[in-house]
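The structure under discussion is shown below.

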Amino acid sequence: MTGSAFDSKAFLAQLTTAPGVYRMYDANAALLYVGKARNLRKRVGSYFLRASGNPRIEAMVDQIARIEVTVTHSEDEALLLEATLIKEQRPRYNILYRDDKSYPYVRITHHAYPRIAFYRGQRNRRDQFFGPFPSAASVKETLDSLQRLFQLRPCRDTYFNYRTRPCLQHQIKRCSAPCVGRISEADYARDVERATQLLNGRAEALMRELEAEMNKASETLAFERAARLRDQISALNRIQQQRGVTGGTRNTDVIALAPHAGCSALVVMSVRDGLNLGHRSFFPRHGNDVEPGELMESFLSQHYAEHPPPREILVSHPVSEEAGLPAALSARSGHQVAIRTPQRGFKRKLLEMAANTAAQALSTHLTEAASMDQRLVELAEHLGLPAPPNRIECFDISHTGGEGTVASCVVFDSSGAVSSAYRRYNIRDITPGDDYAAIQQAVQRRFRPSDDGERILPELLLIDGGKGQVKAARAALAERDADAIPLFGVAKGVTRKPGLEELIPSEGGAAFRLPADSPALHLIQQIRDEAHRFAVAGHRARRGKARTQSRLEDIEGLGPARRRALLNHFGGISQVRAASVDSIAKVQGISRTLAARIHAALR
């Protein structure tokens, strides 16, 4: 069946004019496209009224065999549903964005001596949150500045509550050591308030306050305090010069697009409370004939379905008024959202700055992509593959003397690491330390048939190991009817020096080395090292959990409920070990006798 068999007139005649989401399928029930509409009949009908002049859209329309719609109560519901469906089902003709993480915040806890820390997740009403920041790096930079300026504690309460002497943070002048009383609660609260002022964009008022206090300290001959205040003022001036924003801009996202055939760059620059918090880059893949306005509209729909929009969004390419995005975002966020393309003034300068950043990001991305393409071409040549592989997977095993064995599987494609496709496997029911059996079990589990009978297979499989590991992996692939996948082992050699790795073919033949300066070898090393890192991280987590449980499980009278209460109260086994008998006895369900037994057992 082709698109011509689809009776668009009959379908449109009965289609509602309510807002909703539409899904287009081909004759094989493959999802082609997901879209939203304030008026379903008008929006869907626009695909069939006349030639669009867009080859991508026309090719899609020719394949339509079925259209399904979901009617929603409002446009904002349709916006959210569209973004969810695109992310989960990845339709062929939609523009896809890789953005799996929420935006981070700076968090100041509700405490007598509040903690300042990085935070990502749901926000509560007790603590203070500042942001959102466009990246983790911008949060860490801000935290570093605040610790240098105001020496607020970064440690968790479970660590803070049991300190008996200042830690290294105090020695390097990053913390005023409230845990051991080196600063009064009132003075610490003053420093917290000043940090809050800076985070709220009131740096100028804060500097005037510090200058007055510095002058007063000088008049009373408190020169050491005056010098500290002078250093704070100097640091604040530097921060303002680096990150300050003027022109009345308070809470704005500046979004610039650098279009390119097949892959464009989008930069989101965030301004909050008058401060430029930095930017975040996105590189959506799309067809060669996608219009910039369509790219921008698609990005706004998906991005703000997951992240709270500010009151003002400045965009380099205007979006269609028919999209109804401002109304949908306003309804969803609970405040008015304006989408503008300024033509003059300071906001235009902000947009030009973001556009320059996007152009540079695109240039860097294309250079890296070209380098990756070269690596893949050389890899195919050296390994005798019919074509450069579009998907490479690599397995590694990590354990300590056979304890806590974990296998990792990392995935790389033509863009680099695909972290969302990484997998770990806790290896069980094998002889401890048997790496061959561990590899075989991991490969068997990775390539087991899926419920729908479809499997995503790599075009190249690498195993971190020698002939034994390769033989075990080949046997597992044969069991799973996947032995057509090219398989090579990556052996480190006797000296284990980078550049001397041997590649071991699974189909027989002698092991060989690639030139030390070969881009293909560098790619193999990168993939192998990433698999090793991912395996080690999983192993350490599994081993630590097992050791924690085993130590507590050996204590008589300490059952699962009490173990859970103990760990939740202190935050971890190391904090329990540092606690006194009296502190342990305060945990619900633990008597003083049992507390003494726990205290002795952990020592």
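This is a predicted model: local features need pLDDT of at least 70, side-chain atom pairs count only at pLDDT 80 or more; totals for chains, interfaces and linings use all residues.

By class, the contact of H5 with H8 comprises 6 nonpolar, 1 polar and 2 charged residues. H5 spans residues 136-150 and H8 spans residues 185-199; the two pack at an angle of about 140°, and their axes are 10 Å apart. That angle makes H5 oblique to H8. The crossing of H5 and H8 is right-handed.

The table lists the geometry of the helix pairs discussed in this report.

| Helix pair | Residues | Angle | Axes |
|---|---|---|---|
| H5 and H8 | 136-150 and 185-199 | about 140° | 10 Å apart |
| H11 and H12 | 292-306 and 325-333 | about 0° | 11 Å apart |
| H14 and H15 | 435-446 and 467-479 | roughly 30° | within 8 Å |

For H11 and H12, the angle is about 0° and the axes are 11 Å apart. Because angles under 35 degrees count as roughly parallel, H11 is roughly parallel to H12. On the H11 side, the contact involves Glu-297, Leu-300, Ser-301, Tyr-304, Ala-305 and Glu-306, which meet Leu-325, Leu-329 and Arg-332 of H12. The residues of this contact of H11 with H12 divide into 5 nonpolar, 1 polar and 3 charged.

The axes of H14 and H15 come within 8 Å and cross at roughly 30°. H14 and H15 are therefore also described as roughly parallel to each other, and their crossing is right-handed. H14 contributes Asp-435, Tyr-436, Ile-439, Gln-440, Val-443 and Gln-444 to the contact, while H15 contributes Gly-468, Gln-469, Ala-472, Ala-473, Ala-475, Ala-476, Leu-477 and Glu-479. By class, the contact of H14 with H15 has 8 nonpolar, 4 polar and 2 charged residues.

Helix H2 is described here by its buried and exposed residues. In H2, residues 40-49, the buried residues are Leu-40, Val-44, Gly-45 and Tyr-47. They cover an arc of only 145° around the axis, so they lie on the same side of H2. The exposed residues Lys-42 and Leu-49 are carried by the face of H2 turned away from its buried side. The buried residues of H2 pack against helix H1 (8-14), strand E1 (20-25), strand E2 (31-37), helix H3 (55-63) and strand E3 (66-71).

Note on methods: Residues are numbered from 1 along each chain as its sequence is written. Side-chain values use heavy atoms; hydrogens and water are left out. Axes are lines fitted to C-alpha atoms, for helices over the stretch in contact, and angles run from 0 to 180 degrees between N-to-C directions. Helices (H or I, at least four residues) and strands (E, at least two) are DSSP runs, numbered from the N terminus. Angles under 35 degrees count as roughly parallel, over 145 as roughly antiparallel, 65 to 115 as roughly perpendicular and the rest as oblique. A crossing is left-handed if the near helix is turned anticlockwise from the far one by less than a right angle, and right-handed if clockwise. Ala, Val, Leu, Ile, Met, Phe, Trp, Tyr, Cys and Pro count as nonpolar, Asp, Glu, Lys and Arg as charged, and the others, Gly among them, as polar. Buried means under 20% relative accessible area, exposed over 50%, partly exposed in between (1.4 Å probe, protein chains only). The arc is that of the directions from the helix axis to the C-beta atoms. Contact means heavy atoms within 4.5 Å.
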